Amino acid sequence: MVKLEEVMDEEFVREQEGPHDDDEWDTDSESDLDSESSFGPPSETLYERIVALKDIVPASTRRSLSSKYETVSSWTKSGLLFGGKTLWVVSTSALLLGVPWALAYSEEQMIVEQERAELMNQRAQNEFMAPGANDAKPAL
């Protein structure tokens, strides 16, 4: 049969360095953390801190997030390129086709207005030259 025996390690039995009494501890002095913070801000930047956080996220999650980011960014880039090209085609077509059509339409309207004004002037002159000619009754 196996017999278990506890063996004490000499490191645990040996007396540790430092004060032995509770009175010997100096609790009034500043702690090590306070003295470190008095030296100024840490030397690392915000970017370095954020990059250091990548170790918190598991590798599989990082790969998944990275692939999703790449997919979204490629779709966005493609959409912006397509939208820009479409806007260029539409605006160029409007300038090449729309402006000449608008000019021709406005000229046509001016000609129609001139013809209408000329016709009214002719009627007014006919009325002025022969005022009773239109009122005459035909003989039966």
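**Entry 1: the negative patch.** I began with the charged surface and found that E107, E108, E115 and E118 form a negative surface patch. Patches are made of residues with over 30% relative accessible area and no salt bridge, like charges being joined within 9 Å and nonpolar side chains (Val, Leu, Ile, Met, Phe, Trp, Tyr) within 5 Å. I then looked up E115, which lies in helix 4 (residues 59-129) and counts as exposed because its relative accessibility is 52%. Here buried means under 20% relative accessible area, exposed over 50%, and partly exposed in between (1.4 Å probe, protein chains only).

**Entry 2: what kind of model this is.** I noted that the model is predicted, so that local features need pLDDT of at least 70 and side-chain atom pairs count only at pLDDT 80 or more, whereas totals for chains, interfaces and linings use all residues. Residues are numbered from 1 along each chain as its sequence is written, and side-chain values use heavy atoms, with hydrogens and water left out. The mean pLDDT (the predictor's confidence in each residue, from 0 to 100) of the protein chain is 82, and 75% of its residues reach 70 or more. Confidence is lowest in helix 2 (residues 32-37), with a mean of 54, and highest in helix 4, with 94.

**Entry 3: the chain as a whole.** I found four helices and zero strands in the protein chain, where helices (H or I, at least four residues) and strands (E, at least two) are DSSP runs numbered from the N terminus. Of the 140 residues, 0% count as buried. The accessible surface comes to about 14400 Å², and 60% of that belongs to carbon and sulfur atoms; the areas come from the Shrake-Rupley method with a 1.4 Å probe, and for residues only the protein chains shown count as cover.

**Entry 4: the salt bridges.** I searched the whole structure and found two salt bridges, each being a side-chain nitrogen of Lys or Arg within 4 Å of a carboxyl oxygen of Asp or Glu. In one, the side chains of E113 and R116 meet at 3.1 Å, N to O; these two residues are three apart in helix 4, and therefore separated by about one helical turn. E113 is partly exposed at 44% relative accessible area, and R116 is partly exposed at 45%. Another joins R49 and E44 at 3.2 Å, N to O, with R49 partly exposed at 41% and E44 partly exposed at 40%.

Entry 5: L46 is found in helix 3 (residues 46-52) and counts as exposed, because its relative accessibility is 61%.

How values were computed. Lys, Arg positive; Asp, Glu negative; His and termini not counted. Charge placed at Lys NZ, Arg CZ, Asp CG, Glu CD.
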